[in-house]
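Welcome! Open your viewer, keep the selection tool at hand, and let us walk through one region together.

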Amino acid sequence: MIKPFSPLPPWIVLDSLLQSWLVEDIGRGDRTTSALFPPQSIQSTAKWIVKESGIIAGLPIAARVFRLLDNSVKFIPQVSEGEWCEKGKIIAEIAGNFDALLTGERVALNLAMRLSGIATFTRKYVDRIADLPVQLVDTRKTTPGLRILEKYATQVGGARNHRMGLDDGVMIKDNHIAAAGGIGEAIDRIRATIPYPLTVEVETETLAEVNTALKHEADIIMLDNMSVDLMRQAVEIVRQHSNRIKIEASGNITLETIRSVAETGVDYISTSAPITRSTWLDLSMKFVNN
């Protein structure tokens with residue numbers, strides 16, 4: 001069963017982003033619409049229609065885009081956020097000033113199509129491991145400026161968020177390890193300076209590195225680009241040492257390999273694929289009258 005996803009961040013966080021994207025598209029004004037009709041001279045209604053089947057995400061964001069342009073616009077979702085919809089389904093109805101609907105159309109649709117595509121592809125990964133005690137998590141491989149929304153979309157699809165940013169937790173990667181002189185040195189130096197209660201995660205590629213991470217009391221051990229057999233051995237080593245330590249698998253996770261990775265007994269599987277490899281879900285806006 002898909003777990004409930006977290007709510008959107010407050011509008012005070014998102015509004016500046018939405019406004020900047022509207023400014024980018026509007027520029028000095030909608031030349032076409034303003035040349036045809038006086039401002040706010042026509043009331044109209046429109047429907048949003050799914051042109052290919054998938055998970056719908058981003059309807060509250062689309063509604064906000066229109067309301068930033070004209071607070072009187074009514075955006076009424078016809079489906080729930082995270083609902084699977086078949087091609088041809090009407091997912092929202094909109095009513096308001098014709099010029100506001102046309103001005104906000106592209107930004108609102110672009111965001112909803114991008115987020116729905118991510119949610120749809122995420123759900124494919126989640127479905128492969130839904131019956132196993134493991135959770136799919138995303139990564140920081142996101143589109144600059146869109147991270148907060150793209151990570152929201154992975155939650156709609158059933159995943160959990162990994163770090164939102166570098167300040168969310170400590171992740172010691174290969175370059176940190178090389179520069180510090182080893183896993184043990186890196187963990188010890190970081191432990192002495194980070195604030196409580198940040199966790200320490202360390203990336204490992206060999207069983208020797210796993211044992212070193214255990215010795216220096218890492219909170220989370222990532223098994224990076226290991227074979228399935230090696231992962232299984234690493235999980236056994238960690239479990240024998242402590243049930244407190246969480247285990248994450250990462251590296252080249254695909255729809256074809258995710259289940260075998262999950263069956264090794266890891267707690268989390270992280271992958272950028274739902275964001276970096278997803279395609280947009282095609283949506284359109286059609287006016288009912290004008």
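Select E203 and M222 to begin: E203 stands opposite M222 in strand 9 (residues 220–224). Strands here are DSSP E runs of at least two residues, and helices are H or I runs of at least four, numbered from the N terminus. You are looking at a predicted model, where local features need pLDDT of at least 70, side-chain atom pairs count only at pLDDT 80 or more, and totals for chains, interfaces and linings use all residues. Residues are numbered from 1 along each chain as its sequence is written, and side-chain values use heavy atoms, leaving out hydrogens and water.

Now show strand 8 (residues 200–204) whole. Four bridges join strand 8 to strand 9, and the two run parallel; strands pair if DSSP finds at least two bridges between them. Strand 7 (residues 170–172) also runs parallel to strand 8, joined by three bridges, with V170 opposite V200.

Which way do they point? V200, V202 and T204 point one way, E201 and E203 the other. Five of the five residues in strand 8 are buried (under 20% relative accessible area; exposed is over 50%, partly exposed in between, with a 1.4 Å probe and protein chains only).

Next, pick I237 in helix 9 (residues 228–241). At 22% relative accessibility, I237 counts as partly exposed. Leaving aside residues up to four places away in sequence, I237 touches L207, V210, N211 and L214 (contact means heavy atoms within 4.5 Å). Finally, draw a C-alpha to C-alpha distance from I237 to V210: they are 27 residues apart in sequence and 8.2 Å apart in space.
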